[in-house]
Amino acid sequence: MSTLRSEEMILNVGPQHPSTHGVFRLVVTIDGEEIVDADPVVGYLHRGTEKLAENLQYTQIIPYTDRLDYLASMINNYALVHAVEYALDLEIPERAEHLRIIVMELNRIASHLLFVGAYLLDLGAMSPFLYVFQERERIVQLFTEICGARLTYNYMRIGGVKWDAPPGWLQKVREFIPFMREKIRMYDDLISGNEIFLNRVKGTGVFTQEEAINHSLSGINLRSTGFNWDLRKNQPYGIYDRFDFDVVLGQKGDCFDRYWLHMLEMEQSLRIVEQAVEAIGDGLILGKVPKLIRVPAGEYYAGIEGARGELGVYIVSDGKDKPYRLKLRRPSFVNLQILRKLLIGQSMSNLIAILGAVDIVLGEVDG
Amino acid sequence: MFGVFKGLGVTIRQLPKKKVTLMYPEVKPVWPERYRGIHEFIPELCIVCNQCARICPTDCISLSGTRDENKKLRIDTYDINFEICILCDLCTEVCPTESIRMTDQFELASYTRDSLYKDMKWLYQNHIEHGSYQALQAAKTEEEANAAREAQAANAEAASGAGQKASPEEANAARMPADETVSSSGKGGQPE
Amino acid sequence: MLNWQSSPLTGIGFLGMVIGGVLILGLILGIVTYLIYFERKIIGWMQLRIGPNRVGPFGLMQSIADVLKLLIKEDIVPENADRSLFLLAPIIAFVPSFMVLALIPFTATHVFTSNTQVGLLLYLALSSITILGIVLGGWASNNKYSLLGGMRSAAQMVSYEIPLGMSVIGVVLLTGSLNLNTIVVAQSRHIWYIIPQIVGFIIFMIAGLAELNRTPFDLPEAESELVAGYFTEYSGFRFAFFMLTEYVYVFALCALATTLFLGGWSGPFLPSWIWFAIKTSACIFFIFWVRATMPRIRGDQLMGFAWKVLIPVALANLIVTAGVALL
Ligand code: SF4
Ligand code: SF4
């Protein structure tokens, strides 16, 4: 039989497409349903955070970091203040450190929850997306109580945090933990055992440890290949070394592992929150900081484990109150690099499954 | 094969549960105390120190003030451009007199961009309608009442010291001179 | 039983037919409108929402408002579309969906039912015409997403037609008739065919879901992948036609499942049409329930499932049934 003549066609997925999680554009060349080439186009949400930061005092940059990975603003806040504190060698009061850990881990849970919901929505199941918003709402309400905003928290300050926990807040966090544990079990019932879901994600989008490292992946994308790398453990920052938690690892590096690690990490985060809520003592929430923060001239880098990977802040200072240059290592952006490799040779319906599992947030990709 | 049915079980169990939808325009969400909504502005308190405008990361506050006859700075205009305000709360954080604060209002949607440019009058109105006006007013009357009570007590003491009885009917009368003293002392403090 | 079906065609008889046709058309439109409403409500409740609640009391007028909105919207034909096919496609998809309803015996006194001897066959034949409309719609839109959606649905519906057809042959074997009325009567005498034909029923429901393009087989209109699949470019009332087709088929397929496996209109005490309504609603509820739960199956797995699982199982079921029927 002579080969059928087939024609390649170029399909623009995005920038306005229901499953690109924002304004992400993917130019795919397809042959039938098979992807021959994929070219991610980013920048539709570019706001120039790094450039803007050069004209802002360090405190003023904090609200801008909220807008990077808008699903995990607390962690972004922390990345910046942590870098500045590291540069200034500041002492942080104990209570502030604990509050930071609590809000960051809660935020990680909220972010992972949304990943689970959105991923399932991509795969065609719409209920999980609406269920996760309930748990997330509890977290968001906790955040509203402590800092007054639902999404863009602007909670961390250089040297501490802005607000102390309002009365009863810690109790609410304590109550949240068993509630969340139960809900995780519910999601296991609803999703993790569903054969249709398993068939779609198991064995799709596989990459090896080596590829992951070569593409500079971090976070769950890296850990899904079984590589043990979590900055909270490997380069402990803040007071993470005091808490007992496991770094959960995948084995195959496929989409299912990535999904599953999100579920497992939520439990680990709950463990950290549990310990932090018990360990928190009274005290100051803001350390001794100069009124005008000037970072001594030099270059500083501090990386933390964000919700999506290593979130690094690189400050070049010339000794003024504004950074000379601020570079953000945005994990979503870096993780996106492997997408092309993953997509080539796959079918169109795997596209969404793979893109979803890489877990990008466009605010972070585009900076 | 049973994972599918487990999932079906989960969804059907949600069916009779209480729904979480908030009937929004009719039922407003209840915000906690620290909620960061649209600003309110209290001109009497502002000392035109310009700190809020300086800290604002998006440069959306513009203000101007003049010195009055007492060399005291008075605010003349105070505008916030809500097109670019990110409700970050930094301005209220730095304000030494708490003349700029945040309310729990969040409904900013409008048909024109111009209407997002809120001036002092609007912000003050927001203070009266949605802001801390009530609380402040209550605190003020409380303070006044406290002052009056103290003055009354002092009067009564003075009266008893002079060997005269103070009847409750005189309380009102006793309050008037006390008020006068306060205001006159206030006047006396000012350079003539 | 009214006998206009067997009596010669007179003027009065013809008038009756027309009136009956219009009546049932209106009735089905009403049913479909509220089908959409109930889908949204039920899925809403399962997702802890309250579903439509603004238009009319309890949002009862929501679907009507939606339909009205679609009717008054501009009818856009893309410039590069194949105009005549583009305009024709919704009609090709829509007409058979109403035609199949003429075959379903809604009540014991099938006033509006054509008591044809090949009812089941006709149902399957008519419903495959719709695929043509969908493929044409996808092709004529000259949109890549539409094309992909159209191709997917062609592949899917053609594949699943086979297990669907095979699963009902078991029923036909047991009854010895293709007449839907006869099938119901046979069930009311003996036993609902869901019991001897449970395998057939399961295959029928799965293949039916695939035929309907509903979750977990909603690939042709996979919103998260293909925007809206074959009707991406359609707007206004042509879009409404496609929507309507989909929901009429939901109703028709559930009605067919009721007729074939659940004893149709037969049942004790209550009037026959209520029995029919209850059983059909149960089927429809099941479809909505599945939609609220399942993710979407992948294209190649979908095909594999049809050819490697459903068809062999249906065949085995058929052979066993034939053996039993023979004894
Ligand atoms: S909230 Fe932030 S952006 Fe808005 S006026 Fe205050 S400082 Fe400026
Ligand atoms: S910081 Fe407060 S007191 Fe100073 S100018 Fe702004 S509003 Fe007025």
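**Close-up views of a predicted model**

**View 1. Buried area between the two domains of chain C.** About 2200 Å² is buried between domain 1 of chain C and domain 2 of chain C, and carbon and sulfur atoms give 82% of this area. On the domain 1 side, the residues that lose the most area to domain 2 of chain C are C:Leu35, C:Glu39 and C:Leu70, which together account for 25% of what that side buries. The structure shown here, as in every view below, is a predicted model. The domain assignment places domain 1 of chain C at 1–72 and domain 2 at 77–326. Taken over C-alpha atoms, the centres of these two domains are 18 Å apart. Domain 1 of chain C brings 21 residues to the contact, and domain 2 of chain C brings 25 residues.

View 2. Between domain 1 and domain 2 of chain C the count is 1 salt bridge. C:Glu39 and C:Arg291 form a salt bridge in which the closest N and O atoms are 2.6 Å apart. C:Glu39 is also one of the three residues of domain 1 of chain C that lose the most area to domain 2 of chain C. Residue pairs in polar contact between the two domains, both at pLDDT 80 or more, number 3. On the side of domain 1 of chain C that touches domain 2, two or more residues come from each of helix 1 (11–46) and helix 2 (62–72) of chain C. Helix 1 of chain C provides the largest share of that side, 15 residues. By class, the residues of this side are 18 nonpolar, 2 polar and 1 charged.

**View 3. Interface of chain C and chain A.** In this contact, 26 residues of chain C meet 34 residues of chain A. The two chains bury about 2500 Å² between them, with 58% of it on carbon and sulfur atoms. At least two residues of the side of chain C that touches chain A are supplied by each of helix 1, helix 5 (144–175), helix 8 (223–226), helix 10 (272–293) and helix 11 (299–326) of chain C. That side of chain C consists of 12 nonpolar, 6 polar and 8 charged residues.

**View 4. Interface of chain B and chain A.** Here 26 residues of chain B and 33 residues of chain A make up the contact. Between chain B and chain A about 2300 Å² is buried, 54% of it on carbon and sulfur atoms. Salt bridges between these chains number 4. One of them joins the side chains of B:Glu93 and A:Lys162, at 3.4 Å from N to O. Helix 1 (3–14), helix 2 (51–55) and helix 3 (90–94) of chain B each give at least two residues to the side of chain B that touches chain A. Helix 1 of chain B gives the most, with 7 residues. The side of chain B that touches chain A has 14 nonpolar, 6 polar and 6 charged residues.

**View 5. Surroundings of ligand 1.** Ligand 1 is surrounded by 13 residues, the closest being B:His39, B:Cys56, B:Cys85, B:Cys88 and B:Cys91. The shell around ligand 1 divides by class into 10 nonpolar, 2 polar and 1 charged residues.

Technical notes: Residues are numbered from 1 along each chain as its sequence is written. Chains are lettered from A and ligands numbered from 1 in the order in which they are written. This is a predicted model: local features need pLDDT of at least 70, side-chain atom pairs count only at pLDDT 80 or more; totals for chains, interfaces and linings use all residues. Side-chain values use heavy atoms; hydrogens and water are left out. A residue is near a molecule or strand if one of its heavy atoms lies within 4 Å of it. Ala, Val, Leu, Ile, Met, Phe, Trp, Tyr, Cys and Pro count as nonpolar, Asp, Glu, Lys and Arg as charged, and the others, Gly among them, as polar. Contact means heavy atoms within 4.5 Å. Buried area is the accessible area (1.4 Å probe) that two parts lose on being put together, summed over both. Helices (H or I, at least four residues) and strands (E, at least two) are DSSP runs, numbered from the N terminus. Domain bounds come from an automatic or database domain assignment. A polar contact is a pair of N or O atoms within 3.5 Å; within protein, one must be able to donate a hydrogen and the other to accept it, and residues adjacent in sequence count only if both atoms are side-chain atoms.
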